[in-house]
Amino acid sequence: MPSSNEPFMQAANNWDLETLYSDLSSMKGKGLTPVEKRHLRGLLCGCSPSEIAEKLGKNGKGVETDLCATIYRYVKSLLDKSDEKLENWRNISEWLDDAGYKNQSITVPGLNLSPDKAVVNVININIENNQIVFLISMKIPTSQDLNFLEDELHNLDKYK
C-alpha cells in the first residue's frame with residue numbers, strides 16, 4: 001500500500017483498494033502502475049480528471065487521455081461494460097460502488113467506526129474442519145458512555 005502522503009489516499013477509507021487494484025491488474029494483464037493507481041484514487045475521491053491533473057501538477061488533457069487509455073478501459077472490462085458508453089467520469093465510481101468495491105459503513109450511536117481509529121489484531125489463525133478460523137481482537141473508540149453495550153456483550157457471553 002502506498003504511503004499516506006501519496007495523493008488521494010483518503011480513497012482507502014471508503015474503497016477496498018487492494019481488491020480493486022488486484023482485479024484491475026487481472027484485466028490489464030499486469031500490475032497497475034503508480035500513476036494509474038493515483039488516477040484511480042483521484043476518481044474514487046470524487047475528483048474530475050482536470051482536478052486530478054491540477055493536484056498532481058499535470059496537464060488536464062494528458063490525464064484525460066491517460067484515463068481513457070487505461071483506467072476507463074480496465075474498469076469497463078472488469079465490470080463487463082465494454083459495450084456501454086462512458087457518459088461521465090463519475091460513472092467509474094458509481095459502477096465500482098454498484099459492483100461492491102466500496103466499503104460498507106456501519107453506524108452505531110456512540111461508536112466512532114472510522115478505520116483510522118479502530119485497532120484490529122489477529123491473535124490466532126488455524127484450520128478447523130476445512131475452515132480457516134481467525135481469532136481477532138478489535139478495539140473501537142467510543143464517544144460516549146455505552147453501558148447498554150456492556151450489557152449486550154455480557155448477554156453474548158452467556159451463549160459461548
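Modeller: Arg-38 is buried, with a relative accessible area of 19%. The cut-off for buried is under 20%, so Arg-38 falls on the buried side at 19%. Keep in mind that this is a predicted model. Arg-38 belongs to helix α2, residues 34-44. Set aside the neighbours within four places in sequence, and Arg-38 is in contact with Glu-6, Pro-7, Phe-8 and Leu-56.

Now the whole protein, briefly. There are seven helices and two strands. Along the sequence the order is α-α-α-α-α-α-β-β-α. The protein has 160 residues, and 28% of them count as buried. Take the contacts with a separation of 6 or more: 51% of them join residues 24 or more positions apart.

Back to α2. Eight of its 11 residues are buried, so α2 is largely enclosed by the rest of the structure. Those buried residues are Glu-36, Arg-38, His-39, Leu-40, Arg-41, Gly-42, Leu-43 and Leu-44. They pack against α1, α3, α4, α5 and α6. After the helix comes Gly-46, with a positive phi near 85°.

Next, the nonpolar core. The largest one holds 27 residues. Leu-40, Leu-43, Leu-44, Val-75, Ile-92 and Leu-96 touch the most other members. The elements that give two or more residues to this core are α1 (17-28), α2, α3 (49-56), α4 (60-69), α5 and α6.

Look at how α2 meets α5. Two packed helices are described by the angle between their axes and the distance between the axes. For α2 and α5, the angle is about 75° and the axes are 10 Å apart. The two helices are therefore roughly perpendicular to each other. From α2, the contact uses Glu-36, Leu-40 and Leu-43. From α5, it uses Ile-71, Tyr-72 and Tyr-74. By class, the contact of α2 with α5 has five nonpolar residues, no polar ones and one charged one.

Follow α5 onward to α6. Helix α5 spans residues 71-78, and helix α6 spans residues 90-98. Their axes come within 11 Å and cross at roughly 30°. That makes α5 roughly parallel to α6. The crossing of α5 past α6 is left-handed. Tyr-72, Val-75 and Lys-76 make the contact from the α5 side. Ile-92, Trp-95 and Leu-96 make it from the α6 side. This contact has five nonpolar, no polar and one charged residues.

Val-75 is worth a stop here. Not counting residues up to four places away in sequence, Val-75 touches Leu-24, Ile-92, Trp-95 and Leu-96. On α6, the buried residues are Asn-91, Ile-92, Ser-93, Trp-95 and Leu-96. What covers them includes α1, α2 and α5. After α6 comes Gly-100, whose phi is positive, near 95°.

Val-63 lies in helix α4. At 1% relative accessibility, Val-63 counts as buried. Leaving out residues up to four places away in sequence, Val-63 touches His-39, Pro-49, Ile-52, Ala-53 and Lys-58. His-39 is one of the buried residues of α2. Val-63 can also be placed against Glu-51. The two are 12 residues apart in sequence, and their C-alpha atoms are 9.7 Å apart in space.

For contrast, go to the strands. Asn-129 is in the loop between β1 (119-128) and β2 (131-139). Asn-129 counts as exposed, at 75% relative accessibility. Its phi is near 50°, a positive value in a residue other than glycine. Asn-130 lies in the loop between β1 and β2 too. Asn-130 is exposed, with a relative accessible area of 80%. The phi of Asn-130 is positive as well, near 60°, and this residue is not a glycine either.

So where does that leave α2? Helix α2 is largely enclosed by the rest of the structure. Leu-40 and Leu-43 of α2 take part in the contact with α5. Leu-40, Leu-43 and Leu-44 are also among the residues that touch the most other members of the largest nonpolar core.

Technical notes:
Residues numbered from 1 in each chain as written. Predicted model: local features only at pLDDT ≥ 70, side-chain atom pairs only at ≥ 80, totals over all residues. Heavy atoms only, no water. Axes fitted to C-alpha atoms, helices over the stretch in contact; angles between N-to-C directions. Helix = DSSP H or I, 4+ residues; strand = E, 2+ residues; numbered from the N terminus. Parallel < 35°, antiparallel > 145°, perpendicular 65-115°, else oblique. Left-handed = near helix turned anticlockwise from the far one by under 90°. Contact = heavy atoms within 4.5 Å. Nonpolar A, V, L, I, M, F, W, Y, C, P; charged D, E, K, R; others polar. Buried < 20%, exposed > 50% of the residue type's maximum accessible area, 1.4 Å probe, protein only. Core = buried A, V, L, I, M, F, W, Y, C linked by side-chain atoms within 4.5 Å.
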